[in-house]
Amino acid sequence: EYYMGELLPAVVSMSGVGKFSATELRKQLSGKSVGVSPATSEYASVMGGSCSPRDIETMLQLVYLQFTAPRFNEDDFATLMKRYNTMLANQLTNPDFLFQQKLVKTVYGDNFRRQQITPELLETVKLEQMPEVHKRLYSNAVDFSFRIIGNIDAATLKPLVEKYIGSLPAAKKPTNKFTDDGVRIAEGEIDEQITVKMEQPKVSVGYCYTGDADYTIKNIMTMSFLTQALNNRY
C-alpha cells in the first residue's frame, strides 16, 4: 500500500473529482483562478490549494470534494500507468538516474520505504485498492490541521469554512498517528561504486554524512545556512 499512497495524488489528479472528469473539471473552472490537489509524503497526507480572493468558495468546494468524492477511472489510470512506464523505460537508461537509485539504496540500506519507482513497483499499484487507500488517508478530518492564509477577511471566510470544512466527515479521535516506520540511515563507513557505459564519460560523487543532533530550531537553521554556504562555495 505504501506506493499506492505515494501515487494516489497523481491518480486522483488524472481522474478528476466527483462526477467531473479531469477534462470536465477544467471546463467547469474556466475563468477561475483556483486549484486544489492532495499530496502525500513519508509522514504526512496533505490537501493543498490556492485561489484568487473571489474564488475562495470554489476552492473550499474542491477541498470538500477531494476529501469526500475522489474519482477513480479505469481508462485514466491505464493512461497514467502507461506514461509512468514510458518515463521509467527512459530513466533506466539514464546514468544519472541509476546513480541516484544506487545512492538511495545505499544510504537507506535498501529499505522498502525508500525506493525510486520502478516498473516492478508499478505492477503492485492496483486501481481497485486505491479507494481504500484514500479512505485510510483522507476519511477523517480530525487527522488534519487547516491553515488558510491570504487576502480575505475573517467575516467572509468564517461561514465558508463552517460550511465546507466543518461538514467534512470527522471521528472523535485521529485515525492516523505518527508511527516509527523503522527507516534508518545506514551506519558505518560505506563506499559504493557504480559503473555505467556512457556516450559522454563523466564522474559523479555523492557524499552522505550523518550524526546525532538535537532537533531544535537553532540546529535546523544552522544546517540550512551551512548548506547554502557550501552550495554557493562549490
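## Salt bridges

D76 and R71 join their side chains in a salt bridge, with N and O 3.8 Å apart; the term asks for a side-chain nitrogen of Lys or Arg within 4 Å of a carboxyl oxygen of Asp or Glu. This is a predicted model, where local features need pLDDT of at least 70, side-chain atom pairs count only at pLDDT 80 or more, and totals for chains, interfaces and linings use all residues. Residues are numbered from 1 along each chain as its sequence is written, and side-chain values use heavy atoms, leaving out hydrogens and water.

Searching the whole structure gives 9 salt bridges. Another one pairs D55 with R54, their closest N and O atoms lying 3.7 Å apart. D55 is buried at 2% relative accessible area, whereas R54 is exposed at 63%; buried means under 20%, exposed over 50%, and partly exposed in between, with a 1.4 Å probe and protein chains only.

K102 and E192 form a salt bridge too, with 3.5 Å between the closest N and O atoms. This pair links distant parts of the chain, 90 residues apart: K102 sits in helix α5 (residues 95-107) and E192 in the loop between α8 (154-164) and α9. K102 is partly exposed, with a relative accessible area of 29%, and E192 is partly exposed as well, at 44%.

## Helix packing

Now to a pair of helices. Helix α1 (residues 2-15) packs against helix α7 (residues 130-138) at about 100°, with the axes 10 Å apart; axes are lines fitted to C-alpha atoms, for helices over the stretch in contact, and angles run from 0 to 180 degrees between N-to-C directions. That makes α1 roughly perpendicular to α7, a label for angles of 65 to 115 degrees. On the α1 side the contact (heavy atoms within 4.5 Å) is made by M4, G5, L7, L8 and V11, and on the α7 side by M130, V133, H134, L137 and Y138.

## A nonpolar patch

Y215, I217, I220, M221 and F225 make a nonpolar surface patch of about 610 Å². Patch residues have over 30% relative accessible area and no salt bridge, and nonpolar side chains (Val, Leu, Ile, Met, Phe, Trp, Tyr) are joined within 5 Å, like charges within 9 Å. Areas come from the Shrake-Rupley method with a 1.4 Å probe; for residues, only the protein chains shown count as cover. I217 belongs to helix α9 (residues 217-233) and counts as exposed because its relative accessibility is 65%.

## Overall picture

The protein has 9 helices and 2 strands, taken as DSSP runs numbered from the N terminus (H or I, at least four residues; E, at least two). Of its 234 residues, 28% are buried.

Terms used: Parallel < 35°, antiparallel > 145°, perpendicular 65-115°, else oblique.
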